Amino acid sequence: MAFTPLLPFDSFTDREWVEHTNTTEKIIEFCQNIGLIPISPTTPCAKQHNNWYMGACARSRDKYLWRCRTCKSTRSIRDGTFFSKSKLELRQVIDLLFYWSQCNDSHEHLRRHCKFASESTIVDWKNFMRDICATYFLLHPPTIGGVGHIVEIDESSWTKRKYNVGRVVNNQWVFGGTDRITHECFAVLVDRRDAATLLPIIYQYILPGTTIHSDQWAAYNNIRNGPHHYIHFTVNHSQNFVDPLTLTHTQNIENMWMCAKMKKKRQMGQHVTLLQTHLTEFMWRRRFGDRPFENMVRSIREVYPLL
Ligand SMILES: [Zn+2]
C-alpha cells in the first residue's frame with residue numbers, strides 16, 4: 001500500500017510535533033495513519049475469530065489492547081509491528097524517529113527529549129536506524145547519474161584514531177561519487193585505489209551514459225573505454241580547481257566529504273561506530289533530501305511489513 005503522509009511531518013516544528021503526539025490516543029492514531037500499527041489486525045485470534053476492536057486497558061503498558069469481541073481474548077497493539085521487540089514507550093520510539101529524521105540526534109538531545117534511561121539504548125537505536133538505511137539499499141541498490149547527468153568522483157582519506165590514545169593509527173580510503181542534479185551519492189570503503197578496485201565500483205553505482213568529472217588519478221584513465229559509454233572529463237588539480245577549457249571540477253564531492261566528516265565528528269562522541277554504516281546513513285539522507293521522516297517511515301514499512 002502506498003503511503004501518502006496526511007501532514008507534512010518533515011516540516012513540523014518541535015511544537016507542532018508535540019501537539020500532534022501529546023496523548024496516548026493521538027500517538028496510536030498517528031501510528032495507524034502512517035501505517036506502523038494496523039487499523040485492525042489482519043490475523044484472527046487463537047479461536048479463529050476476526051472480530052477485533054481496540055479497547056482501553058489501564059494495566060497494559062500501551063494503555064490499549066486489541067480485544068476479540070467474540071471470545072474476549074486480547075493481543076498487544078504491538079503484535080506484528082516494528083514496535084514488537086522494543087521495551088521503549090511508543091512515544092519514545094516515534095519521538096526518536098522524528099528527532100533522528102531532523103538530525104536532532106545528538107545523545108544530549110535524545111536523552112533530554114525522549115527520556116532514554118541509558119546511553120546504550122541511544123546507541124542501540126541509532127545503530128538500528130542505520131541498519132534500516134542499509135537494508136533499504138540492499139532492497140534498492142543505489143545508482144546515480146544517467147544521460148545528461150554529471151557525477152563527480154573522488155577518493156577521500158579518513159583517519160582512524162584510537163580514542164584512548166588519540167593518535168592516528170591508520171588511514172582508510174573511501175571512494176565516492178555525487179550527482180550534481182539530484183545530490184544523491186555513493187560512498188564505499190576501499191582497501192586500494194587502483195583501477196581494478198575503483199572501476200567495478202564505478203560500473204556498479206554510476207548509470208551508463210553519465211558524464212563523469214574527476215581529477216587525473218591514474219586509476220581513472222580507462223573510464224571512457226568501458227562498456228558503459230561514460231563521457232569523462234578531468235581537472236588537473238596541481239594547476240586549477242576548475243579546468244579553464246572544459247569547466248570540469250570536483251567541488252561538489254569535496255563539499256560532500258567535508259559534510260560527511262563533520263557529521264561523523266559530531267556523532268562519534270565517545271562511541272566508535274563503524275565507518276561504513278555511518279556512510280550508508282549519509283547516503284540515505286542524501287537520497288531523501290528534505291523528506292527524511294516520511295521516507296524513514298516508508299523504509300520501516302518495507303523492512304517490517306505489518307503482519
Ligand atoms: Zn476470538
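How many aromatic pairs does the structure hold? The count comes to 23 aromatic pairs, where rings of Phe, Tyr and Trp (its six-membered ring) pair if their centres lie within 6.5 Å, with planes under 30 degrees apart called stacked, over 60 edge-to-face and the rest tilted. One of them is F82 with W125: the ring centres are 6.3 Å apart and the planes stand at 90°, so this pair is edge-to-face. Both residues are buried, meaning under 20% relative accessible area, against over 50% for exposed and in between for partly exposed (1.4 Å probe, protein chains only). Y136 and F137 also meet edge-to-face, with centres 5.3 Å apart and planes at 75°. Y136 is buried at 9% relative accessible area, and F137 is buried too, at 10%.

This is a predicted model, in which local features need pLDDT of at least 70, side-chain atom pairs count only at pLDDT 80 or more, and totals for chains, interfaces and linings use all residues. Numbering runs from 1 along each chain as its sequence is written, and side-chain values use heavy atoms, with hydrogens and water left out.

On to the metal. C45 (SG), H49 (ND1), C68 (SG) and C71 (SG) coordinate the zinc ion at 2.2 to 2.3 Å; donors are N, O and S atoms within 2.8 Å of the metal (3.2 Å for Na, K and Ca), and sites may look incomplete because water is not among the atoms. The 4 donor atoms subtend angles of 97 to 123°, so the arrangement is tetrahedral (four donors, all angles between 85 and 135 degrees). H49 is partly exposed at 22% relative accessible area, as is C71 at 23%.

Methods:
Tetrahedral: all angles 85-135°; square planar, octahedral: opposite > 155°, others 65-115°.
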